[in-house]
Amino acid sequence: MRIAVWLHLLSTIVWVGGMFFAHVALRPAAQQLPPPQRLALMAATLATFFRWGGAAVAIIIVTGFMMIFGAGGFARFGAHVHAMSALGLLMAAIYGFIVAVPYPRVRAGVDAGQWEAAAAALAQVRRLVGVNLILGLITVTVAVLGRGVA
């Protein structure tokens, strides 16, 4: 079970840390570039991040349920585990939506040189990543501070 905990934590760091970096550091720095360069950079960066993020999301879900059901199921845990699970699944759904809907529009706009369309789709990605980042930080807070609280 220690390996499951380690993989769960490591994957959370990759996913939430990657969103933090992209949202707080990369995006503001990229704003200084002209749209064709900025949008191509962001599309390429997101392609790599989404591969790593997808693996992290899958590992988080699998290891989370392994730990829960390995310990006897949800009935054995307090509200913090239920909240963490619900928030994590919501985040995974948002991630899936980002990868399936606005991100392909970013790629298509960049590939076609349609910078306004790519920028609009990227703005939607940015907003949803921002929501997921906030949810991720809340989830980590619930996980850490919720332990031992009835």
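Does Val16 count as buried or exposed, and at what relative accessibility? In this predicted model, Val16 comes out at 10% relative accessibility, so it counts as buried, the cut-off being under 20%. The residue sits in helix 1, which runs over residues 2-30. Looking past residues up to four places away in sequence, Val16 touches Met91, Leu133, Gly136 and Leu137. Then there is Ala92, which is 76 residues from Val16 in sequence, yet the two C-alpha atoms are 12 Å apart in space.

Zooming out to the helix itself, helix 1 has 29 residues and spans 39 Å from first C-alpha to last, close to the 42 Å expected at 1.5 Å a residue. Helix 1 isn't quite straight, though: a kink of about 35 degrees is centred on Ala22. Ala22 is also one of the buried residues of helix 1, a list that includes Ser11, Thr12, Trp15, Val16, Gly18, Met19 and His23. As for what sits over these buried positions, the cover includes helix 2, helix 3 and helix 5.

Next up is the largest nonpolar core, which holds 31 residues. Trp15, Met19, Phe50, Ile98, Val106, Leu122 and Val125 are the members that touch the most others. Two or more residues each come from helix 1, helix 2 (35-70), helix 3 (79-100), helix 4 (102-112) and helix 5 (115-145).

Conventions. Residues numbered from 1 in each chain as written. Predicted model: local features only at pLDDT ≥ 70, side-chain atom pairs only at ≥ 80, totals over all residues. Heavy atoms only, no water. Helix = DSSP H or I, 4+ residues; strand = E, 2+ residues; numbered from the N terminus. Buried < 20%, exposed > 50% of the residue type's maximum accessible area, 1.4 Å probe, protein only. Contact = heavy atoms within 4.5 Å. Core = buried A, V, L, I, M, F, W, Y, C linked by side-chain atoms within 4.5 Å. Expected span 1.5 Å × (residues − 1). Bend = angle between axes of the 7 residues up to and from the residue.
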